[in-house]
Amino acid sequence: MADYDVIVVGGGPAGAMAAWRLARGGANTLLVERQPLPRHKTCGGGVPMIAANVLKLQELTDLAADSFVELTVNHLMCTYNFANEHLLPVNSEGGNQTGIWMVQRSIFDYALVKRAQTAGAVVQDGTRLTTLDADRAGEVDVTVTRNGQQEHHRARYVVGADGANGIVARLSGVRPTRSVAIAAEAEVPYNWKSSSTKVRPDVIHLEFGDVPGGYSWLFPKNDHINAGAGLFSELAPHHTSPQSTKDLLQNCILKYLDHAEIPHDKSNLRYHFHPLPLWNGKHSLQNRRNTVLLAGDAAGLVNPIFGDGILHALRSGELAAKCILEGTAGTYTHDINTIYQSNFDSAQRMARLFYRWPEISYNLLVPRPGAGQIAMRLLSGEAPFTGLTRRMLRRISSAAASRRGRYDRANL
Ligand SMILES: Cc1cc2nc3c(=O)[nH]c(=O)nc-3n(C[C@H](O)[C@H](O)[C@H](O)COP(=O)(O)OP(=O)(O)OC[C@H]3O[C@@H](n4cnc5c(N)ncnc54)[C@H](O)[C@@H]3O)c2cc1C
């Protein structure tokens, strides 16, 4: 007899979503989270509002958007090398609200975990999964460590939602090949009333020329600004040493703060670094026996051009739970690929173009009418990258060809 129907590993959006859906569907569910909750998560905390549909907020009594959304952003201020400014509205006139929620992950993720708990999931924080044996059919044995004590549990399924540095994938023999980006953020205290600078609480700032093979950002929060920078490693091969990458990201963050005239104490800024496992094509996200399913960052479901993963963590967590509840765990990878494969494959091609030719790409894409709305529709998955990538490839090819005299299409 299993102790639980499902053990969910990780209390981020993927795990909390899966645990909520499972418990609500009647599954006897344990969620284990390594850190004591609420916990800091290195992140910008930008959530496309479409996530409201995924979260099914209207069905909730214990979780209101007001309790975790700090600010709602409706403009993007884009720059290239801190010049060539474009302020892009993200909502279409009279259309649906497609803005971006600014959340603090400690609050947001905890609200999701609480919701799972209220639905009946057993939640153990400060509890780390240490071993996993999925060799027997219909059963997974795990060991968790809590307060230095080991506990053994048996479950019919495990959902591996243990993030970019998780161990479930490795322990269960599912090894999605990853393309890893690295990003950093720092929270800079900020008073919107007294500080007079170039930033606004309803505007996200994005700078595309300063980070080679990536971008930097300023995200507004209630009492601080989340300043960050990320680079897509395969596109910035010259920054191979982890320390030089960290220094580079740190310097880009400081430069952005200076340009935006945001007061900050250099010596007291605390930087958080974290990998981003980007989508890297189709891979199996379940073990041979279909008893272990990976979701969120553990499954490499981070958008390869924007680097966002919260919405995809929520979606995949929900889908993993649905497959388990409906007895269709065997189709999970296929179901994920149906949603993501063609779109994220195109996004990956577009990322290679964009970050390789950032100035040309920026000038082609950002000043276009409706660019902000298009970005939102791409971010939320409402519009596919597919057609856009083809058009962009043609335009960038000819722009690059005329600039350099020749252009090697095969290398893209
Ligand atoms: C600097 C930065 C900025 C970002 N900004 C954004 C953004 O603005 N918008 C966006 O959409 N995405 C953003 N992302 C990506 C986003 O943070 C992730 O895609 C998202 O957190 C994935 O959620 P998850 O539930 O899969 O994993 P996580 O949120 O990482 O949760 C995994 C959890 O598993 C726990 N865990 C790990 N190992 C174990 C274990 N052995 N036992 C028990 N628990 C374990 C961890 O403690 C963690 O709490 C950003 C990422 C970075 C690095």
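The structure is a predicted model.

**Core**

The largest nonpolar core contains 129 residues, and those with the most contacts inside it are Ala18, Val158, Val159, Leu293 and Ala295. Helix H7, which covers residues 332-356, gives the most to this core, contributing 10 residues. In soluble globular proteins, nonpolar side chains tend to be buried together. When its neighbours within four places in sequence are left aside, Ala18 is in contact with Val8, Val159, Ala161, Ala295, Gly317, Glu318, Ala320 and Ala321.

**Around the ligand**

The ligand is surrounded by 40 residues, of which the closest are Gly10, Gly12, Gly163, Gly296 and Gly309. By kind, the residues of this shell divide into 16 nonpolar, 15 polar and nine charged. At least two residues of the shell come from each of helix H1 (13-24), strand E9 (127-133), strand E12 (179-189), strand E16 (271-278) and helix H6 (310-325).

Helix H6 has 16 residues and spans 23 Å from its first C-alpha to its last, which is close to the 22 Å expected at 1.5 Å a residue. Most of H6 is covered, since 14 of its 16 residues are buried, and the helix is followed by Gly327, whose phi is positive, near 70°.

**Paired strands**

Strand E9, which also supplies residues to the shell around the ligand, runs antiparallel to strand E10 (residues 140-146) and is joined to E10 by six bridges. Strand E10 is in turn joined by seven bridges to strand E11 (residues 149-160), again in the antiparallel sense. Elsewhere, strand E5 (residues 75-80) and strand E6 (residues 83-89) run antiparallel and are joined by five bridges.

| Hairpin | Residues between the strands | Turn residue with positive phi |
|---|---|---|
| E9 and E10 | six residues | Gly138, about 70° |
| E10 and E11 | two residues | Asn147, about 50° |
| E5 and E6 | two residues | Asn81, about 55° |

Asp133 stands opposite Asp141 in E10, Arg146 stands opposite Gln149 in E11, and Cys78 stands opposite His86 in E6. Strand E5 also pairs with strand E13 (residues 203-207), in this case in the parallel sense and over five bridges, and the bridge partner of Met77 in E13 is His205.

Asp133 is found in strand E9, whereas Pro201 lies in the loop between E12 and E13.

Asp133 and Pro201 are 68 residues apart in sequence, and their C-alpha atoms are 48 Å apart in space. Pro201 and His75, by contrast, are 126 residues apart along the chain, while their C-alpha atoms are separated by 9.8 Å. Leaving aside its neighbours within four places in sequence, Pro201 is in contact with Leu71, Trp192 and Pro220.

Key. Residues are numbered from 1 along each chain as its sequence is written. This is a predicted model: local features need pLDDT of at least 70, side-chain atom pairs count only at pLDDT 80 or more; totals for chains, interfaces and linings use all residues. A nonpolar core is a set of buried Ala, Val, Leu, Ile, Met, Phe, Trp, Tyr and Cys residues joined through C-beta atoms within 7 Å. A residue is buried if 20 or more other C-beta atoms lie within 10 Å of its own, exposed if 12 or fewer, and partly exposed in between; C-beta atoms are placed from the backbone. Helices (H or I, at least four residues) and strands (E, at least two) are DSSP runs, numbered from the N terminus. Two residues are in contact if their C-beta atoms, placed from the backbone, lie within 7 Å. A residue is near a molecule or strand if its C-beta atom, placed from the backbone, lies within 6 Å of it. Ala, Val, Leu, Ile, Met, Phe, Trp, Tyr, Cys and Pro count as nonpolar, Asp, Glu, Lys and Arg as charged, and the others, Gly among them, as polar. The expected span of a helix is 1.5 Å times one less than its number of residues. Two strands pair if DSSP finds at least two bridges between them.
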